[in-house]
Amino acid sequence: MLEILDYAFMRHALVAALLIGACAPLVGIFLVQRRLSLVGDGIGHVALAGVAIGLLTGQAPVLTALLTAVLAAVAIEIIRARGRTGGDVALALTFYGGIAVGVVLIGRSPQGTSANLTAYLFGSISATTSGDLVAFTALTAVVVALTMALRPWLFAVAQDEEYARAGGIPVLGLNLTLSVMTAVTVVVAMRVVGLLLVSALMIIPNAAAQVLARSFGGALRMAVFLGILASVGGVVASFYAETASGGTIVLVALALFLLAQVVARVRPVTHGLHAERHTHEHGPGCGHPSIPPGDHVDYLHDGPRHAPYDDHYDEHALSEGPVR
Amino acid sequence: MTAPVLDLRRATFGYDGVPVVHEVTLTIQAGEVVAVLGPNGSGKSTLVKGLLGLADHIGGQAQAFGQSLDAAANRGRIGYVPQRHTLATSVRATVSEIVAIGRLRFRTWWRPWARDSARDRQEIARALDLVGLGDRAGSDVGHLSGGQQRRVLIARALASAPELLVMDEPTAGVDQANQQVLAAVLARLADTGTTMLVVTHEIAALADVVTRVVAVSDGVVAFDGTPEAYAVAGHHDLHAHHDHSAPGRTTIGLDEPALPGARRHA
């Protein structure tokens, strides 16, 4: 029935997809929160130079890519933390330098075919070896465990770095850890998604989850679910449609993002959550008690008075106890 | 006799080795509510950032709770309410998720199962009740008004059970109604004996809460005394914009459940 599972390469690809689908959004949410959505893309560029070094020296490309990506991640975080003007340009130089070195060196290596280069850049369902899988599983386990353990601190630093520093939280250490975990995720995603599309799987499931969820914890769980759905679904689709797996995965993720937008617009907002969204314009007959303070009318619901003002509602201090 | 909460002797703070506030001598005892006044660029923000380890301690002596200010053990004992106009980032977060950040000083990352203990939840609820946001724990912070977001910042600091609460411009940029609510929150905290250092450039809104005024000008302390002495010295008319006869003033009192959403404790 499931002929897809008859092929060893497909079993490998599906397991790799499962790992990356869970890992990428988990790390990605903190990158989105810190407005560093594109940093994974940059690390992917540099990892290509690592792949090239592996191909030229006969070492495992996954190992050399991992070392190069981790070094780049540490360098990026240090450049960022120093906050000098020109840091932005320094990052750009690193990223383009990385991909240029990668393309040139891969071309000079014995296995340097353009098919091989395309597989590294955009992913391929036939590329994951069983040796890769062992390494990917171990790396993913470390990243997931570390992210879960450090989650409140990563959240605190990304939310308000100054407050975190004042509270004695080791901000630089946590940022370096996040950066290194991003590099590891890039390498785990390299086979199936490809180095140029890796970042999409860190960002798009989070973008979709932000539309649907109401809390950080909820958005995180939703993003992991959507990430797994996109990566596994994308690998299956690419098998039947005979398309590049990386591109297919990203297209599935984008489709999920659009679906989330539709669901968020169609879904009725229950009144219990009215503090977040109003289901109606307050007006005579909406059912909420009103207090005329003089020149305008305020409406009472759940404590603070809400006065319609252009596109938002002002919260007024109540001159009496909350009315229930 | 216990050590003062804060003890600065000719302390100098600045950035990258360049002094901004010079030779500040200041002792604060438990229970005091000190307003640090001064125009923009006077160095008052650098002073409080120095206390929090966010600006460099360049010279002189600085102690908190009888230990060096730079001692790691002091980190977290000073609660911080930064001057921020919004809490919203590019990801969603609920009010209680933000306030939970204040509890991190009591948590250890190598014991993730010990998280979100009953104690943590209780302290988060208590902090939210104190600022009158007890019913907003599950709301997205991005959907709160500016004044409510300020109160979330205060609750986050309160959740860390600080021995000194440092606030940077808590009333700046909020409308007058919300200024009154914030002043009532501060009055409520003062009532519970919280030691506070409040940076502001307009004392009128907080005139009833403050027990002492420290004015900073051109990087040095220019005045240190009671609010009354400060007014007499002609620096500022304390009650210029503070009309006690205005309707509504008395209703934002301490004994009335006047804060929006405040839960009444039995």
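Reader: Helix 2 of chain A is followed by a residue whose phi is positive; which one, and near what value?
Author: This is a predicted model. The residue that follows helix 2 of chain A is Gly58(A). Its phi is positive, near 80°.

Reader: What distance separates the end C-alpha atoms of helix 2 of chain A, and what should the helix span?
Author: Helix 2 covers residues 39-57 of chain A, which makes 19 residues. At 1.5 Å a residue, the span should be 27 Å. The model agrees, with the end C-alpha atoms apart by 28 Å.

Reader: How many residues of helix 2 of chain A are buried?
Author: A residue counts as buried when its relative accessible area is under 20%. By that cut-off, helix 2 of chain A is mostly covered. Of its 19 residues, the buried ones number 15.

Reader: How many aromatic pairs does a search of the whole structure find, and at what angle are the planes of Tyr7(A) and Phe9(A)?
Author: Over all chains, the search finds six aromatic pairs. Tyr7(A) and Phe9(A) form a tilted pair, 5.6 Å centre to centre. The angle between their planes is 50°.

Reader: Why is the pair of Tyr7(A) and Phe239(A) tilted, and how many residues apart in sequence are the parts that the pair ties together?
Author: The ring centres of Tyr7(A) and Phe239(A) lie 5.7 Å apart, and the planes meet at 55°, so the pair is tilted. Tyr7(A) sits in the segment before helix 1 (8-33) of chain A, and Phe239(A) in helix 10 (residues 216-241) of chain A. The pair therefore ties together parts whose separation in sequence is 232 residues.

Reader: Is Phe239(A) buried or exposed, and which residues do ring pairs link with it into a cluster?
Author: Phe239(A) has 16% relative accessibility, so it counts as buried. Ring pairs link Phe239(A) into a cluster with Tyr7(A), Phe9(A) and Tyr240(A).

Reader: Which charged end sits over the ring of Tyr163(A), and how far from its centre?
Author: The charge belongs to a residue of chain B, Arg156(B). Its charged end sits over the Tyr163(A) ring, at a distance from the ring centre of 3.6 Å.

Reader: Where do Glu23(B) and Asp218(B) lie, and what is phi for each?
Author: Glu23(B) lies in strand 2 (residues 18-28) of chain B, and Asp218(B) lies in the loop between strand 9 (212-217) and strand 10 (220-225) of chain B. Glu23(B) is partly exposed at 46%, while Asp218(B) counts as exposed at 70% relative accessibility. Neither is a glycine, yet phi is positive: about 45° for Glu23(B) and, for Asp218(B), near 50°.

Reader: Which element gives the most to the largest nonpolar core?
Author: The largest nonpolar core has 171 residues. Those with the most contacts inside it include Val235(A), Phe13(B) and Leu197(B). Leaving aside neighbours within four places in sequence, Leu197(B) is in contact with residues including Ile28(B), Val48(B) and Met167(B). The element that gives the most to the core, with 16 residues, is helix 1 of chain A.

Reader: What is the mean pLDDT of chain B, and over which residues is the pLDDT below 50?
Author: The mean pLDDT of chain B is 82, and 84% of its residues reach 70 or more. The stretch below 50 has 59 contacts in the model beyond near neighbours in sequence. In chain B, that stretch is residues 237-266.

Technical notes. Residues numbered from 1 in each chain as written. Chains lettered and ligands numbered in written order. Predicted model: local features only at pLDDT ≥ 70, side-chain atom pairs only at ≥ 80, totals over all residues. Heavy atoms only, no water. Phe/Tyr/Trp six-rings, centres within 6.5 Å; stacked < 30°, edge-to-face > 60°. Helix = DSSP H or I, 4+ residues; strand = E, 2+ residues; numbered from the N terminus. Buried < 20%, exposed > 50% of the residue type's maximum accessible area, 1.4 Å probe, protein only. Lys NZ or Arg CZ within 6 Å of the ring centre and 35° of its normal. pLDDT = per-residue confidence, 0-100. Contact = heavy atoms within 4.5 Å. Expected span 1.5 Å × (residues − 1). Core = buried A, V, L, I, M, F, W, Y, C linked by side-chain atoms within 4.5 Å.
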